[in-house]
Amino acid sequence: AEISYQTQGLNWKCDYVAVVNADDTLSDLTSWVTLDNKSGATYKNAALKLMAGDVHKVQNIAPQPSGIRMYKSAMAAAAPQFTEQSFAEYHLYALAGKTDVNNNETKQLTLFNASAVPIKKLFIFDGGASGYYGGYYPGGNSSSKVNVKLELANSKENNLGMPMPKGKVRVYKKDKDGAMQFVGEDLIDHTPKDEKVRLYLGDAFDIVGERKQLSQQQVSSRVQKFSYEISIRNHKESAVTVNCVEHSGGDWKITSSSQPFVKKDSHTFEFAAKVPANGETKVTYEIEVRY
């Protein structure tokens with residue numbers, strides 16, 4: 001006979017620790033599962049399965065992002081190691097062997113380890129994010145921080161390729177003395193294999209961005225023309241590339257620009273500004289907006 005039932009008070013979450021190398025090109029990534037048993041019962045020699053995904057439940061309290069199933073067994077415990085499989089529209093992570101989960105216990109297990117994962121460091125200046133680009137105008141003057149982000153691809157070629165449950169990613173890096181320093185953290189959503197992960201770590205100290213509107217012209221009753229200047233000042237001892245993100249509503253087109261741009265979507269375009277060490281780069285462009 002087998003009795004199956006749902007119980008409250010069993011929860012789990014996933015956390016990640018990333019250690020990046022000196023030049024921010026590779027990272028060692030470790031994923032941890034934290035079990036929290038507040039169910040009022042102890043599970044001895046339990047077979048553990050964690051289900052990751054957005055499971056819809058009708059209830060008064062906030063839905064949990066994941067679920068746990070346990071089966072009592074008399075088998076001996078084995079070393080913690082998870083295997084992953086697709087299930088329905090979710091993913092199951094099964095612990096090889098058995099483990100004890102005591103009442104009122106918080107327990108950590110390793111989900112996976114990945115070494116030498118290629119990463120890419122990005123500098124993002126979104127000076128027009130606060131502008132009125134949802135309507136007709138691309139936005140006026142602004143000065144904002146330059147965001148620092150890390151990007152990686154969850155693929156087998158990058159020593160990953162396993163569906164990653166959502167959770168917090170903490171990023172560390174060794175200083176010149178070899179001591180590990182915390183450099184930022186971010187939350188990721190459930191990430192399938194072969195998708196990219198982008199982490200926002202914080203804002204650059206030595207890179208300053210400034211955006212100015214140089215002119216505004218009423219071409220006709222429904223057409224306006226604007227010109228802008230983006231200044232990126234780099235106070236670092238090495239050259240950097242800063243992605244300058246711009247926005248506009250309406251039917252727009254760039255009539256002239258000091259360097260090439262990439263159209264990201266119907267409201268967003270981007271310039272890749274190369275800034276020398278201890279130097280400054282200015283990006284200028286004219287945009288015509290029809291509404």
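Colleague: What share of the residues of the protein count as buried?

Modeller: This is a predicted model, in which local features need pLDDT of at least 70 and side-chain atom pairs count only at pLDDT 80 or more, while totals for chains, interfaces and linings use all residues. Residues are numbered from 1 along each chain as its sequence is written, and side-chain values use heavy atoms, with hydrogens and water left out. Taking buried to mean under 20% relative accessible area, exposed over 50% and partly exposed in between, with a 1.4 Å probe and protein chains only, the share among the 291 residues is 40%.

Colleague: How many strands does the protein hold?

Modeller: Helices (H or I, at least four residues) and strands (E, at least two) are DSSP runs, numbered from the N terminus. On that basis the protein has 0 helices, and the count of strands is 19.

Colleague: Among contacts between residues at least 6 apart in sequence, what percentage join residues at least 24 apart?

Modeller: A contact here means heavy atoms within 4.5 Å. For the protein as a whole, the percentage is 68%.

Colleague: Staying with Thr25, which residues does it contact once neighbours within four places in sequence are left aside?

Modeller: Thr25 sits in the loop between β1 and β2, and it counts as partly exposed because its relative accessibility is 34%. Its contacts beyond those neighbours are Val117, Pro118 and Ile119.

Colleague: Is Asp24 buried or exposed?

Modeller: Asp24 also lies in the loop between β1 and β2, and its phi is near 60°, a positive value in a residue other than glycine. Asn104, in the loop between β7 (99-101) and β8 (105-118), likewise has a positive phi of about 60° without being a glycine, but Asn104 has a relative accessible area of 56% and is therefore exposed. Because the relative accessibility of Asp24 is 12%, Asp24 counts as buried.

Colleague: Which strand supplies the largest share of the lining of the second largest pocket?

Modeller: A pocket is an open set of points on a 1 Å grid over the protein atoms alone, with protein on both sides within 12 Å along at least five of seven lines, and lining residues have an atom within 4 Å of a point. The second largest pocket is lined by 18 residues, with Asp24, Lys121, Val148, Lys173 and Val183 nearest its centre. β9 (120-125), β10 (142-153), β11 (167-174), β12 (180-188) and β13 (196-218) each supply at least two lining residues, and the largest share, 7 residues, comes from β13.

Colleague: What is the volume of the largest cavity?

Modeller: A cavity is a set of grid points where a 1.4 Å probe fits but cannot get out, points being joined across faces, edges and corners, and a volume is the space filled by probe spheres set on them. The structure holds 1 cavity of 30 Å³ or more. The lining of the largest cavity includes Ala18, Ser27, Leu150 and Leu199, with β1 (10-20), β2 (26-37), β10 and β13 each giving at least two residues, and its volume is about 80 Å³.

Colleague: Where is Glu288 placed?

Modeller: Glu288 counts as buried because its relative accessibility is 19%. Leaving aside neighbours within four places in sequence, its contacts include Lys225, Trp252 and Lys253. Its place is in strand β19 (residues 279-290).
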